[in-house]
Amino acid sequence: MASSSESVYFSQQEINELQTTYKQGGLSKFATQILKKLNDIKNAKLNIALTGNSGAGKSTFINAMRGLRACDEGAAKTGIVQTTMERTPYRHPTFPNVCFWDLPGVGTLDFPMKDYVSKMEFTTYDFFIIISKDRFTENDANVAKEIQNLRKRFYFVRSQIDNTIRSLEMEGADFDRTRKLAEVKQNISRGLMEVGISEPNIFLISSFSPNEFDFPQLKETLLNNLDEIKRDILLMSLPSTAVKIVEQKRAQLRERIWMLARVSGVVGAVPVPGLSFAVDLGILVTAIIDFRKSLGLDDASLQRLANITKKPVEFLKAEVRTPLVGEINEDFVKLMLLRTGFAAVSVAEMALDTTPVIGSIFGAGASFGMIYKLLTDVLDDLVENVQRVVKVAFATDPSNPQ
């Protein structure tokens with residue numbers, strides 16, 4: 001029996017239930033359960049709370065996680081004075097079910113600790129980011145303890161670490177960067193443990209450098225500590241700023257493909273001329289558009305990436321060499337299906353090794369095989385293009401992207 005780790009979206013118990021459903025109710029009932037899982041993914045919500053003193057960099061962090069600059073529409077307002085007087089939601093521009101909540105700093109006359117948890121509605125968040133630009137205070141530790149009492153996760157983020165390193169360099173200090181960063185982290189950890197926080201999760205970041213310092217490790221840790229569905233929506237919402245993130249998205253989207261293929265083939269009602277099966281073309285159109293948005297190849301995402309990397313958007317778009325960034329409609333998908341059908345795709349050609357238990361359920365349905373092949377090819381094509389975009393976007397010399 002395969003382990004549950006072989007499927008991103010299904011636990012071992014759910015896999016067992018799918019097998020039972022297939023045996024008892026056939027493909028139609030089986031597809032209904034898969035469709036329910038797809039709807040769960042689509043409708044899931046993720047609420048992330050940011051707390052810390054004014055000027056700590058909460059707003060800048062919220063903008064960075066959404067690929068925005070302070071001047072962009074929908075960006076969190078930044079400033080060195082208290083700009084947040086009530087909890088303020090900032091939704092992701094592409095994935096509105098992902099929401100960052102900017103909370104006012106705690107411990108002031110306006111927000112005393114005794115009222116903070118209830119006023120800020122701590123029970124509504126999935127996890128917390130506690131941000132400081134220098135040292136963490138007793139108030140930060142008290143907030144962490146309240147979060148612990150709710151059995152929710154929290155992470156300490158020391159922002160503006162680039163300024164610390166730059167100051168040392170400007171002063172002409174002789175230091176080893178890796179050792180200095182470890183020293184800063186150790187000092188923060190010691191201070192937090194002295195006020196009762198054992199083994200704190202600490203990350204040193206610059207919100208203007210998404211691929212430097214501890215920012216990549218922070219994103220990886222956030223993903224690893226979420227359940228399978230909320231991990232999915234956070235991952236898809238992350239700006240595609242590194243090849244590793246793109247590959248993680250590819251792996252996650254591959255897990256969706258077999259679900260979409262089975263549902264499309266079973267519930268479809270549109271015969272495609274030249275092929276011997278019916279398919280739900282609407283599902284495939286939506287899937288291709290969703291893949292494109294998740295990977296950051298839609299126009300809005302490319303513009304945001306151009307903005308934060310200070311590269312002309314035309315420069316980035318020049319790396320995109322696929323018709324999949326154009327208009328995607330049912331006629332376009334029909335042509336793709338016809339080409340896939342004439343290629344005589346068989347189930348043996350599909351990469352079902354990633355989910356052997358579920359793969360073994362399907363049998364050799366022609367419609368499933370062709371749709372699986374089509375979506376896999378679409379995903380690989382989009383990934384290849386976004387990888388090129390990421391490499392040139394973060395190259396220091398635009399004329400030499402490698």
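Trp101, Tyr116, Phe122, Tyr125 and Phe128 are linked into a cluster by ring pairs. Rings of Phe, Tyr and Trp (its six-membered ring) count as a pair if their centres lie within 6.5 Å; planes under 30 degrees apart are called stacked, over 60 edge-to-face, and the rest tilted. This is a predicted model, where local features need pLDDT of at least 70 and side-chain atom pairs count only at pLDDT 80 or more, while totals for chains, interfaces and linings use all residues. Residues are numbered from 1 along each chain as its sequence is written, and side-chain values use heavy atoms, with hydrogens and water left out.

Searching the whole structure turns up nine aromatic pairs. Take Tyr116 and Phe122: their ring centres are 5.7 Å apart and their planes meet at 80 degrees, so this pair is edge-to-face. Tyr116 and Phe122 are both buried (under 20% relative accessible area, with exposed meaning over 50% and partly exposed in between, using a 1.4 Å probe and protein chains only). Another edge-to-face pair is Phe136 with Phe156, at 5.0 Å centre to centre and 75 degrees between the planes. Phe136 sits in the loop between S4 and H4 and Phe156 in strand S5, so the pair ties together parts that are 20 residues apart in sequence. Phe136 and Phe156 are buried too.

Charges also turn up over rings, which here takes NZ of Lys or CZ of Arg within 6 Å of the ring centre and within 35 degrees of the ring normal. Arg87 lies over the face of Trp101, 4.2 Å from the ring centre. Lys219 has its charged end over the ring of Phe215, at 4.7 Å from the centre.

Now for the strand itself. Helices (H or I, at least four residues) and strands (E, at least two) are DSSP runs, numbered from the N terminus. S4 covers residues 127–132, and six of its six residues are buried. In a regular strand, side chains alternate between the two faces of the sheet. In S4, Phe127, Ile129 and Ile131 point one way, while Phe128, Ile130 and Ser132 point the other.

Two strands pair if DSSP finds at least two bridges between them. S1 (residues 46–51) runs parallel to S4, joined by four bridges, and Ala49 stands opposite Phe128. S5 (residues 153–158) pairs with S4 over six bridges, again in the parallel sense, with Val157 as the bridge partner of Ile131. Together, S4, helix H4 (residues 138–149) and S5 make a right-handed β-α-β unit: with the strands pointing away from the viewer, the path from the first strand over the helix to the second runs clockwise.
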